[in-house]
Amino acid sequence: MTKEDVSRPTLDKRFIVDLKGKEFVTYAGLLDLAHQHGLTELRVEIVQLPTPENMECIVKATAVTESGSSFSDLGDSNPKNTNRSVAQHIIRMASTRAKARVLRDLSNIGMTALEELGDEPGDVPSNGNGKGRTTPRKAAGNGKAAEAVTDAQKRAIWALAKSRGHDEHSLHDLAEGTFGCGVAALTGKDAAALIQQLQTH
């Protein structure tokens, strides 16, 4: 391996999630890769606030690198294209989606971000026009609701998070950025993945 290979920006495989045979990248992975590409600024502005008449939120994200390159993209969120656990955080989800898209452009990643999906990992990704769809979360193959995070998993997550320097807010952002919901709303499978991520990162 040459020095060039070592210094070349690389997407850490820990940030790639396989869902139903298709790979998705997490926001955390995109942010890590963008910093390797020289990200110096990442800002957002609200283009459209949700209202009682129109619950669609649209956010514009702009990323700037140390070389001066600038990238911009939009992210949308509404109760129909987010899962039920984050439906009350429409603005935050739109912001995360906008940032994920602009970071994908900056890092030349064609893989869809996990945060662009709707309620179920197999859903149509949000595409900027509010036509993402949501379905009840199901366990693969049996049509039953997925098992929820257990108390033991919650304790493990909080203990690991504390040892990694996370507070309540940063842990919530990590869980939401990776799985689209807070720790309390994770499935057992998602909780196991988060525990593994905290153990190795």
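The expected span here is 1.5 Å times one less than the number of residues. Helices (H or I, at least four residues) and strands (E, at least two) are DSSP runs, numbered from the N terminus.

Some ground rules. This is a predicted model, with local features needing pLDDT of at least 70 and side-chain atom pairs counting only at pLDDT 80 or more, while totals for chains, interfaces and linings use all residues. Residues are numbered from 1 along each chain as its sequence is written, and side-chain values use heavy atoms, with hydrogens and water left out.

Stay with H5. Asp167 caps its N-terminal end. A side-chain oxygen of Asp167 lies 3.1 Å from the backbone nitrogen of His169. That is a polar contact: N or O atoms within 3.5 Å, where within protein one must be able to donate a hydrogen and the other to accept it, and residues adjacent in sequence count only if both atoms are side-chain atoms. Buried residues of H5 include Leu171, Leu174, Thr178 and Phe179. Buried means under 20% relative accessible area, exposed over 50%, and partly exposed in between (1.4 Å probe, protein chains only). After H5 comes Gly180, with a positive phi near 80 degrees. Cys181 is buried too, at 1% relative accessibility.

Now helix H4 (151-163). Its 13 residues should span 18 Å at 1.5 Å a residue, and the end C-alpha atoms are 18 Å apart, which agrees. Which residues of H4 are buried? They are Gln153, Ile157, Leu160 and Ala161. These four cover an arc of only 100 degrees around the axis, so they sit on the same side of H4. The arc is taken over the directions from the helix axis to the C-beta atoms. An α-helix has 3.6 residues a turn, so residues three or four places apart point the same way. Asp151, Arg155 and Lys162 are exposed on the other side of H4. Gly165 follows H4, with a positive phi near 85 degrees.

Next, Asn108. It is in the loop between helix H3 (90-107) and H4. Asn108 is not a glycine, yet its phi is positive, about 60 degrees. Most residues other than glycine have a negative phi. Asn108 is exposed, with a relative accessible area of 70%.

On to the strands. Strand S4 (residues 57-65) runs antiparallel to strand S5 (residues 70-77), joined by eight bridges. Two strands pair if DSSP finds at least two bridges between them. Ala63 has Phe71 as its bridge partner in S5, and Lys60 has Leu74. S4 and S5 make a hairpin with four residues between them. Gly68, in that turn, has a positive phi of about 95 degrees. Strand S3 (residues 39-48) is also antiparallel to S4, again with eight bridges. There, Ile46 stands opposite Val59. Eight of the nine residues of S4 are buried. Cys57 is buried, at 0% relative accessible area.

What about disulfides, meaning cysteine sulfur atoms within 2.5 Å? A search of the whole structure finds zero.

Last, Thr26. It lies in the loop between strand S2 (22-25) and helix H2 (27-36). Thr26 is buried, at 2% relative accessible area. Beyond its neighbours within four places in sequence, Thr26 is in contact (heavy atoms within 4.5 Å) with Phe15, Val17, Leu114, Glu115 and Thr178. Thr178 brings us back to H5, where that residue is buried.

Methods. Disulfide = S-S within 2.5 Å.
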